Each structure stands twice: as structure tokens, then as C-alpha cells.
Amino acid sequence: MTPAGGRPPSPAAELSVAEGMRRLALVDELIGTRSELAEVRVGFEHSIAQTAAEMDRLRRVVAALELELADARTRIQAAESAEGVQRERAERAEQAVLTRSDELVAEFRSSSTWRIGRSVTAPVRAARRLLRRAR
Amino acid sequence: MTGAVTTITQPFLTLLVPAYRTPLLYLAAMLDSVRQQTDRDWQLVVVDDGSDDPALTAALAEAAADPRVVVHALPANRGIVAATRAALDLATGVFVGLLDHDDLLDAGAVAAVRAAVAAAPDTDVLYTDEAQIDADGEPRGQFRKPDFSPERLRGQMYLGHLVVYRRSLLDAVGGIRDGFDGSQDYDLALRATERARRVTHLPTVLYQWRIHGASVSHRRDNDAVFASARRALSDHLDRVGIRGTVEQVHPVGVYRIHRRPDRYPLVSLVVPTRGSRGFVGGADRAMVLHALSGVASASTYPAIEVVVVADRSTPAATVAALLDIWGDRLRVLTHDGPFNFSAQVNRGVLASTGELVVLLNDDIEVVTGDWLETMAGLALESDIGMVGAKLLYADDTVQHLGHLYERNDASHLVAGAPADWPGPQADLLVEREVSGVTAACAMLRREVFDEVGGLSPELPINFNDVDISMKITQAGYRIVVTPHAVLYHFESKSRARVVTASEVNVLRRRWNRRLQVDPYWRHDPDAVRAEIARFRG
């Protein structure tokens, strides 16, 4: 910087201007850096807030899915339970039929008809036994 | 003491309505708009200012069936101040709002005010945006207001409607004063904002102002109204310690404060130049010589020094001519290297000695002789960091009346509008806060320039004025532009504007958030364009 006219600055003034330029540049850099940091921080906080919001959204989705899953499990259990009851009932019915059948057989065998029949057919059965042995 | 304990709950907001011969349709609409509030924690106080209208009396009596509605009748017409004061005496709300008898509130108004106060609990004064409707309730326009602008409030009562005051503040400032009929709201706004801890702007239209033939029924004499406004402003200047006088500059109630500081300190004009030539008034001229000879001949300011920071290309004859004009009040410094506006300005400011510094382009021409007095009056106030002027293109259209920072961009407000266009809400007639001003003509105190590190060397050509504006407002100062300091700016005659990606990056890296929404200019751009076209006829 050289004076081109008007009042010439003294060497001290020139030095002072040079120092002043450095000081202004430093202050500007400091303010600029602070602002950039603030921008970055805000951007970062914004990103965090966005991520948190997305996490909240995903948590809500997961919670809804868990609810659905639990509901499905309940429904499956209910279905399984109903099936078990039905199976048990069928088994009980089958058992009842068998029991009744045995009872009927026993009942029949204790009847006079059965005894008469056995007496009547006794010679026939004896003949059959002999015949089987002869073979 | 025996008996039941009665709990008295204080409503959040009391709305004060002075009523005088209100058309019943309008009254019913106003009452409905209050009853329809989504937040029901309100009180409505209506004072009939001696209307002598049985139908109105009956309608108000019916409204008073709601326990939140208080109706009081004055025995005779005593004017809006007495009626509003009577309403205030009956108000019990934590906050008090003023509602005209023929206007409408948005159904969410009370809720929105409550939310805004919850977000900023030290709010003492709050104002909202407003819409205008005609007699039939049809929309006529909107006023999307700036954030709190004390300088602008000295030029016009821009707060308008809805304004809400904390009751304790109203009591502290003495409530509504006698003797300001027609401008009592302006007087109150000035006194309250002077002492408010916070003035909150709620940028939402929550109020519909009905403009019709009878809407100025309380303003029997507009001259008296404006006289009381000037008195309110004079009182305000006394209270806040501003020496000056008040002048009405527009018939709609726009005022100018002529500041009369007790001293006019030395002003240093810092002018970077390349010694370019250009055509002004049809003649080929050395721009810097034309600018500074004009400053010398037109300016009335008593103490000016000039520091020209000249590229080596500046002709010696131009420098010699400048020395002839300015003598020992001129210092010319030579700048080596490529044109670097920021470095040249910083060097020039450091070499100058004035308490006030004006950054000035070499392609200007002074129009108003007292431009420096006008700018200095503002710049000497401790909370103002920088002052801009009204710059005109050679064709008498506006080149600069403040910057606009929005949508990731920085531009000049209303560039190209006719010089005498008043703006959407007479904005351009008043001294007012802006987000930034151009370094083509900007005054600031040396201490502010030093505090913010001058113009950034990272922005050698473009956006250095945007950057310094941001630095100044970030430091807590206001930036004000005045339409009363006028200069021509023959922009682009000294250099072609080429913006580099690096400059854009620096600006966005530092100030991205503040480049999105401008707090001081919220008008709809389409409406502004339409108004300019209408003004041009």
C-alpha cells in the first residue's frame, strides 16, 4: 500500500494499518468459524431430531407389529385350544362308543338267548373241533 | 368467617371492545367470532359508548347471558379513550387485547396467543398479522407484518390488530392515556413496547379488520388524530432520550423523526475505486470524481473526510482533481493487486479517523443534501449497528432500500420499483429495520466495524455486505434503512457482477439458516408485483 495523494500516512500509521488488517481478519475468522460451528451444530441437532423422529416412527411400527403378532399368537392359541377340546371330545365319544359296545356284548352274553343258543350249538361246535383236529 | 369458599379464576385473555352505534350485523359477527374461540378461557368486555340505540342495547344484553361477557353502558358518548378505559377497568384477564366493535377474530386466536406466550413466557406485548375485509366480509388484502421493529414503530403504528398486552405492564405504564383520541392505540403501543421485556410477533393472520364507510366513526377529525399521534411520538422521543422532531410525511399517518444529535462527529467516507469511467446524464465522466465532487457540493454535513482506496489503474489526473476539491480532507491510498472490495474497504477504514464510517461506492450521486445528518442521527444510537440509504438507478427506479434474505438467497428489496412507490403498507416511506443493507452506501460506527472484523477477506467482491450485515445483527445490533437519505447508484457501471461458487459457499456455510426467512419483509411477492404494476398504472 503506497500513498498516491492527499495526506501521506506515517510509517507508524502504515504499520498500524497492517496490524489492523490482521486483527480484522482474525476477528472475521473467529466470527465466521463460530457461525459455521453454529450452523453445523444446528444441522447436527436437526439430523438428530430427524433421526429421533424416524426412530419414534419405527418404534411405533414395531409396537404395532408386536401387537399384531401377539394378537395372532392369541388367535393361534385359541384355535389350538379349540382343536384340543374337540379332539378330546371326539376321543371321549369314541371311548364311550367302545364302552357301550363292550357293555352290549357283556349284556348279550349274560342273556338267556345267548345261553340257549350256546346250548343249542354246543354239539355243532364240538363236531367242528373234532373235524379241525382230524385235519 | 363462615360460608362457602369461592374460587375466582383469572381468564387468560380479556378482549376490550368499545362500541358506538355498531351496525347490528357487524356486532353479531364480532360476538360470534369471540364465542367461537377454540380456547374458551377468555373474557369479553363491551362498553357501549352512549350509542342511544335500543336495538344495540338489547343485543348486548342478550350477549351478556354468557357469564364471560361483561357489558357496560356509559351514560353519554365520551369517546374511544374513555370507553376503552372503562372496559379496561372491568377486565380481569392476565392479558388484554383490543378488538374493534366491527372486526372479527379468527377462531384459533386465543389458543394461538396462549401457545406463543407459552413458547416465550417473558412476552409482555404480542401482535399478529391481519387481513382486511370489506363491508360484506369479502377479503381485501393482508398485512403480513415484520418482527418487532422499534424504528418502524416510530414511523407508523404498524402493529395494528391484534395487539395483546400483559395487564401488569399496562398498569405499570399507566394504561390508556387521556388526550390521545384516535391515536390512543399508538400512544399505548409506544409506551408499552418501551418497557416490555419481549415483544412477540405471531406471524399468522388471526384478525380481520373491516374497512367500511363508518369504520372511522370515532375519528371525527383526522387532523386532530394525526396531531395526537405526533404528540405521542414526541413524548416517546423524550422518554427514550432521542433528540428530534416529528414530521408527518404521508396522509395515511406516516411520520419521520428528524433526529438532532447533540454533536455531529467526523464522518469518514471510504471509497474503493478503479478509476472507471461511465456515462452519467449523457456525459462521459470519471465516476469517482463525479461522486465525490457531488458529495462535496451537495452535502451539508459539517465534518467529512474522504479516504479513496484506488487501484493503480486510477488516472493521476483524477486523483489530482479530487485533491483540488477535498484538499487535506482527502487521503488517497493505492491498492496493488486485483480488485478486492473487502480488502480495500478494510484498509481505507483503518486509515481513516472518523468516529462514523461510510462505505461508499464510486458510482453514486448525492440527491438529498442532508443524507449524512440523516444517517448519522441513526448510526449514533448505541443499538443500531449499520444504516443504509435509499439508492436509485439512473432511471429513477429503486436500486436499494434494504436487503432481502430468503429462500437461500440474498437480493435487493423492491429493486426496479418506482422511486415514489410507498410500498405495500407504506413500508418504503419509513425508517425501518432490515436484515441487511448494501455496502454501496452504509454508515456505521467505527467501534461496530472493528467489533465484527470489517468486511470478510473470504468475500473479496460479492456478498461481503450480506456477511457484515449478518455479523452485525448477530452481535445484537439493529440495521436500519432510511428512505430520507437518497443517492443515485449507477450500479454495474464500475464493474460487471460475477458471483463465484466459493463466495456462495462461504455465505451459506456461515449463514444458511438466516438466509431462509426474512423477518422484516414478509409480503407476498406476487401481491407486491401486482401493486407495483397498479401503481405504475
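**Salt bridges, an interface and a helix pair**

Tutor: Over all chains, the structure holds 45 salt bridges. This is a predicted model, in which local features need pLDDT of at least 70, side-chain atom pairs count only at pLDDT 80 or more, and totals for chains, interfaces and linings use all residues. Residues are numbered from 1 along each chain as written, chains are lettered from A and ligands numbered from 1 in written order, and side-chain values use heavy atoms, with hydrogens and water left out.

Student: Why is the pair B:Glu151 and B:Arg478 called a salt bridge?

Tutor: The rule asks for a side-chain nitrogen of Lys or Arg within 4 Å of a carboxyl oxygen of Asp or Glu. B:Glu151 and B:Arg478 have an N to O distance of 3.1 Å, so the pair meets the definition.

Student: Which element gives the most to the side of chain B that touches chain A?

Tutor: S16(B), with six residues. That side of chain B divides into 13 nonpolar, eight polar and 14 charged residues.

Student: How many residues make the contact between the chains?

Tutor: Chain B gives 35 residues and chain A gives 23 residues. Contact means heavy atoms within 4.5 Å. About 2600 Å² is buried between chain B and chain A, with carbon and sulfur atoms giving 56%. Buried area is the accessible area (1.4 Å probe) that two parts lose on being put together, summed over both.

Student: What makes H9(B) roughly parallel to H10(B)?

Tutor: The axes of helix H9 (residues 287–298) of chain B and H10(B) come within 10 Å and cross at roughly 5 degrees. That makes H9(B) roughly parallel to H10(B), because angles under 35 degrees count as roughly parallel. Axes are lines fitted to C-alpha atoms, for helices over the stretch in contact, and angles run from 0 to 180 degrees between N-to-C directions.

Student: Which residues of H9(B) and H10(B) make the contact?

Tutor: Among them are B:Leu289 and B:Leu292 of H9(B), and B:Leu322 and B:Ile325 of H10(B).

Key
Helix = DSSP H or I, 4+ residues; strand = E, 2+ residues; numbered from the N terminus. Nonpolar A, V, L, I, M, F, W, Y, C, P; charged D, E, K, R; others polar. Parallel < 35°, antiparallel > 145°, perpendicular 65-115°, else oblique.
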